[in-house]
Amino acid sequence: MGEHVIKLPDVGEGVAEAELVEWHVKVGDLVREDMVLAAVMTDKATVEIPSPVDGEILWLGAEIGDTVAIGSPIVRLKVAGEGNVKADSTLADVTAERTPDDAAARPSSGLEPSSPNLAPSSSGLSRGSAVPRGYDAPSSGRSVDPRDKPEDDGVRSRISSAPRDGVRPRASSAPRPEGEKPLASPAVRLRAKEAGIDLRQVAGSGPAGRIGHEDIDAFLARGPQLARAPGFAPKDGVEDIRVVGLRRKIAEKMSIAKSRIPHITYVEEIDVTALEELRAVLNKEKRAAKGAERPKLTLLPFLMRAMVKAIADQPNLNALFDDEAGIIHQHEGIHIGIAAQTPTGLVVPVVKHAEARDIWDCAAEVNRLAEAAKSGTATREELSGSTITITSLGAMGGVATTPVINYPEVAIVGVNKMMVRPVWDGTRFIPRKMMNLSSSFDHRVIDGWDAAVFVQRIKTLLETPALIFVE
């Protein structure tokens with residue numbers, strides 16, 4: 001038997017490090033070649049790391065949320081044959097091989113790096129179809145007989161006892177239900193008994209909610225009368241949730257956007273009654289388009305086409321601002337990002353070249369990308385490259401929003417809920433379908449006047465939808 005060490009391979013994009021966001025195995029698992037071991041996240045995508053060999057997991061080299069340099073050892077396995085580690089090498093030898101230079105280089109010889117085929121999946125989304133062949137189930141690999149395991153090298157216990165999901169042990173809540181026996185040592189129980197304290201009323205801060213003397217002290221300092229309040233028992237438990245993976249990427253990007261971009265937000269009310277009537281008529285038509293049935297039209301493709309026309313008059317809105325270089329990259333192609341909520345968080349799939357798509361093409365591409373984002377099969381290319389973004393919370397209601405610009409873009413258009421409101425036509429109030437657009441702009445390079453002109457142009461196009469089709 002030998003040992004095989006897997007180092008974090010080059011995941012592309014020119015990155016020197018990646019964040020570990022998921023382990024699919026644990027120490028002691030038996031794995032097969034191509035079985036996914038872990039997932040790491042770069043700025044653009046989540047990449048799965050499959051095993052290049054069959055073996056038993058001996059050691060995992062990082063915790064969820066850790067940033068790991070390219071070339072760093074991340075997994076050690078016991079394998080049949082000699083493996084790729086010298087017989088007299090120790091874990092310390094393996095780990096010490098990585099130098100700061102490794103961050104920018106592929107693993108070198110000595111411990112031959114594994115070169116698994118990377119299977120990129122969409123950013124922070126579920127693994128979906130990107131799972132390599134041979135993968136059966138997450139965290140699978142049956143447990144082996146402990147007698148077959150190698151001697152403990154001091155790492156196994158450290159790894160197994162550390163939190164694996166980025167969540168610290170949760171403090172128990174109090175009071176506990178009738179019949180639940182709190183975890184506590186005999187000394188703590190004796191002290192509680194002598195003090196007349198019901199341990200079920202005490203929150204435990206130890207592992208699995210174990211109650212210690214410090215918890216008794218805190219309970220006495222707080223006053224037992226709080227715990228006796230019927231029906232309104234105080235809760236002292238605190239759950240520390242580490243921000244990792246896609247959520248951390250979202251947090252970083254939002255922080256950059258709000259700290260570097262002085263936003264100006266412009267809100268306008270739009271009468272979409274005529275647009276809704278037109279949309280209803282078009283959706284009743286079942287004519288085939290390019291050999292396939294036309295997709296059902298929502299308001300979104302109309303807004304996209306209106307933005308294309310408005311950008312034709314104001315191309316400076318379709319741009320990326322490199323504020324460090326002091327250069328505005330104004331794009332001819334209009335690539336509209338569509339902010340989409342997925343089970344794992346916010347992602348922005350991109351409809352490329354909206355200027356070259358008709359309204360049905362826009363609808364079909366939005367539908368395709370939305371499905372890919374939700375199913376976790378969107379590619380890195382489909383999740384990057386936008387030049388302007390649409391965000392919509394219309395389904396959730398709300399009169400207005402303050403959209404955060406998708407850095408380094410210079411504009412974002414937000415859609416609010418459409419509703420029927422009474423509108424004065426000069427002689428009487430009539431019911432109209434109204435909707436607010438909330439749009440934010442980078443005030444460093446977009447003046448308020450230009451922002452208003454852009455939104456007013458969109459308003460005109462949406463309120464007179466025939467203009468959208470006039471070339």
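**Entry 1: helices α3 and α4.** I looked up helix α3 (residues 186-195) and helix α4 (residues 213-222) in this predicted model. Their axes come within 10 Å and cross at roughly 20°. That makes α3 roughly parallel to α4. Angles under 35 degrees count as roughly parallel, over 145 as roughly antiparallel, 65 to 115 as roughly perpendicular, and the rest as oblique. Axes here are lines fitted to C-alpha atoms, for helices over the stretch in contact, and angles run from 0 to 180 degrees between N-to-C directions. Helices (H or I, at least four residues) and strands (E, at least two) are DSSP runs, numbered from the N terminus.

I noted that the crossing of α3 and α4 is right-handed. A crossing is right-handed if the near helix is turned clockwise from the far one by less than a right angle, and left-handed if anticlockwise.

Which residues of α3 and α4 meet? From α3 I listed Ala187, Val188, Arg191 and Ala192. They meet His213, Ile216, Asp217 and Leu220 in α4. Contact means heavy atoms within 4.5 Å. By class, the residues of this contact divide into five nonpolar, one polar and two charged. Ala, Val, Leu, Ile, Met, Phe, Trp, Tyr, Cys and Pro count as nonpolar, Asp, Glu, Lys and Arg as charged, and the others, Gly among them, as polar.

**Entry 2: helices α7 and α9.** I turned to helix α7 (residues 299-313) and helix α9 (residues 448-463). They pack at an angle of about 130°, with axes 9 Å apart. That makes α7 oblique to α9. The crossing is right-handed. On the α7 side, the contact is made by Phe302, Leu303, Ala306, Met307, Lys309, Ala310, Ile311 and Asp313. On the α9 side I found Phe454, Arg457, Ile458, Leu461 and Leu462. The contact of α7 with α9 has 10 nonpolar, no polar and three charged residues.

**Entry 3: the six-stranded sheet.** I traced an open sheet in the order β10-β21-β20-β19-β15-β18, with mixed pairing. Two strands pair if DSSP finds at least two bridges between them. The edge strands are β10 (263-271) and β18 (350-351), and each pairs on one side only.

Do β20 and β21 run parallel or antiparallel? Strand β20 (residues 411-424) and strand β21 (residues 429-442) are antiparallel, with 12 bridges. Ala411 stands opposite Phe441 in β21. Pro422 stands opposite Pro431 in β21. The hairpin of β20 and β21 has four residues between the strands, and Gly426 takes a positive phi near 110° there.

Next I checked strand β19 (residues 388-392), which pairs with β20 in the parallel sense over four bridges. Thr391 stands opposite Gly414 in β20. The loop between β19 and β20 holds Pro408. A cis peptide bond joins Tyr407 and Pro408, with omega about 5°.

**Entry 4: the four-stranded sheet.** This open sheet has the order β1-β8-β6-β3, with antiparallel pairing. Its edge strands are β1 (2-7) and β3 (30-31), each pairing on one side only. Four bridges join strand β6 (residues 55-60) to strand β8 (residues 73-79). Glu56 stands opposite Lys78 in β8. I also looked at Asp34, in the loop between β3 and β4 (36-41). Its phi is near 80°, a positive value in a residue other than glycine.

**Entry 5: confidence.** I looked up pLDDT, the predictor's confidence in each residue, from 0 to 100. The mean for the protein is 79, and 75% of its residues reach 70 or more. Over residues 97-171 the pLDDT is below 50. Beyond near neighbours in sequence, this stretch has 165 contacts in the model.

**Entry 6: ground rules.** Residues are numbered from 1 along each chain as its sequence is written, and side-chain values use heavy atoms, leaving out hydrogens and water. In this predicted model, local features need pLDDT of at least 70 and side-chain atom pairs count only at pLDDT 80 or more, while totals for chains, interfaces and linings use all residues.
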